[in-house]
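Please read this briefing beside the sequence and the 3D view.

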Amino acid sequence: MIDSPASLADLRGLVAEMEGRAHGRGKGVSTGHRGLDAAGVVRGRVHELFGDGGSGAAAGFAALMAFLAAEGAPVVWLRTDKAARRAPLYGPGLAALGIDPAACIVAQAPDEAALIAAAADALRVAALGAIIAESVGRTRVFGLTGTRKLALTAEASGVPLFLLRLDAEAAPSAAETRWHIAAAPSQALAADAPGHPAFDVELLRRRAGPSGLGWRVEWDRDARVFREAPLSGAVVSVASGGAAGARRAHGVA
């Protein structure tokens, strides 16, 4: 059978689209900040973010990284019932960061084991832009055994998974990177307007590359980029009742 020029063009377009998706696997997330861009936050990998559950800093940073990684595709935010009871997601907080709450699909899991199962299922949907899986407190399910399957599934689909670990202790895992996030003071803008949300970001571990690096960054919601923050406050919380300040979570190494 002789294909028409139109059908050949369609086929070439389909192949190009498939190749583009494949090339997106392992592609670095562009944040606008040179240090963060070089730190190894890539698609199709698992990344751990630790922080104080009493602050919205870690959740806010996770949301921003997920939506930058998604590049307009839907983001799924999975939460344990405990996390949801402790701090319900705050739509205006997301909007204040420049994130459309309607682009975020939120679901709850009764416990951490169900959270991992839901994350594994969601990772198989290549049309998703990114996934956040949020838990609070100590748990063993995010060890090597629990995260290895997640890492393999993320790599196969090209969808990044951000494990948001609040008030938790780090343990060996298959995550590509491990971070600690805390709120940082923001600098007031002209006419004493509230400053950009600011974060103290520390790269605790990286499977391939240097770690032990840290930056103070601020989020420019209009340009949708992170920038180096001036050393001088509040972080917009995506959880109701979140404190503006943050303390470093103990036991994260």
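Helices (H or I, at least four residues) and strands (E, at least two) are DSSP runs, numbered from the N terminus. Glutamate 71, for example, sits in the loop between helix 3 and strand 2. The model is predicted: local features need pLDDT of at least 70, side-chain atom pairs count only at pLDDT 80 or more, and totals for chains, interfaces and linings use all residues. Residues are numbered from 1 along each chain as its sequence is written, and side-chain values use heavy atoms, with hydrogens and water left out.

- Nine strands make up an open sheet with mixed pairing, in the order 3-2-4-5-1-6-7-8-9; two strands pair if DSSP finds at least two bridges between them.
- Strand 3 (104–109) and strand 9 (225–228) are at the edges with a single partner strand each, so one side of each has no neighbour in the sheet.
- From one strand to the next, the twist averages 30°. Angles run from 0 to 180 degrees between N-to-C directions, and axes are lines fitted to C-alpha atoms, for helices over the stretch in contact.
- Helix 3 (residues 57–70) lies across strand 1 (46–51), strand 2, strand 3, strand 4, strand 5, strand 6 (177–184), strand 7 (198–206), strand 8 (213–220) and strand 9. Relative to strand 5, helix 3 runs at about 180°.

**Parallel pairs around strand 4**

- Strand 2 (residues 75–80) and strand 4 (residues 130–136) run parallel and are joined by five bridges.
- Within this pair, tryptophan 77 has isoleucine 132 in strand 4 as its bridge partner.
- Strand 4 also runs parallel to strand 5, with six bridges between them.
- Seven of the seven residues of strand 4 are buried, where buried means under 20% relative accessible area, exposed over 50%, and partly exposed in between (1.4 Å probe, protein chains only).
- In a regular strand the side chains alternate between the two faces of the sheet.
- On one side of strand 4 are Ala130, Ile132, Glu134 and Val136, and on the other are Ile131, Ala133 and Ser135; all are buried, and both faces are covered.

**Arginine 165**

- Arginine 165 belongs to strand 5 (residues 161–166).
- The bridge partner of arginine 165 is serine 135.
- Is arginine 165 buried or exposed? Its relative accessibility is 2%, so arginine 165 counts as buried.
- Apart from neighbours within four places in sequence, arginine 165 is in contact (heavy atoms within 4.5 Å) with Glu48, Leu49, Phe50, Gly51, Ser135, Gly137, Thr139 and Phe142.

**Antiparallel pairs**

- Strand 6 and strand 7 run antiparallel and are joined by eight bridges. Histidine 180 is paired there with glutamate 202 in strand 7.
- Strand 7 and strand 8 also run antiparallel, with six bridges. Phenylalanine 199 has valine 217 in strand 8 as its bridge partner.
- Six residues lie between strand 7 and strand 8 in their hairpin, and glycine 209 in the turn has a positive phi of about 135°.

**Helix 6 and helix 7**

- Helix 6 (residues 112–123) packs against helix 7 (residues 144–157) at an angle of about 15°, and their axes are 9 Å apart.
- The two helices are therefore roughly parallel: angles under 35 degrees count as roughly parallel, over 145 as roughly antiparallel, 65 to 115 as roughly perpendicular and the rest as oblique.
- Ile116, Ala119, Ala120 and Leu123 of helix 6 meet Gly146, Leu150, Thr153, Ala154 and Ser157 of helix 7.
- Six of the residues in this contact are nonpolar, three are polar and none is charged. Ala, Val, Leu, Ile, Met, Phe, Trp, Tyr, Cys and Pro count as nonpolar, Asp, Glu, Lys and Arg as charged, and the others, Gly among them, as polar.

**Loop residues**

- Glutamate 71 has a positive phi near 50° and is a residue other than glycine. Its relative accessible area is 56%, so glutamate 71 is exposed.
- Arginine 221 is in the loop between strand 8 and strand 9 and is partly exposed, at 40% relative accessible area.
- Not counting residues up to four places away in sequence, arginine 221 touches Ala95, Ala96, Leu97 and Gly98.
- Arginine 224 lies in the loop between strand 8 and strand 9. Arginine 224 is not a glycine, yet has a positive phi of about 60°.
- With 37% relative accessibility, arginine 224 counts as partly exposed.
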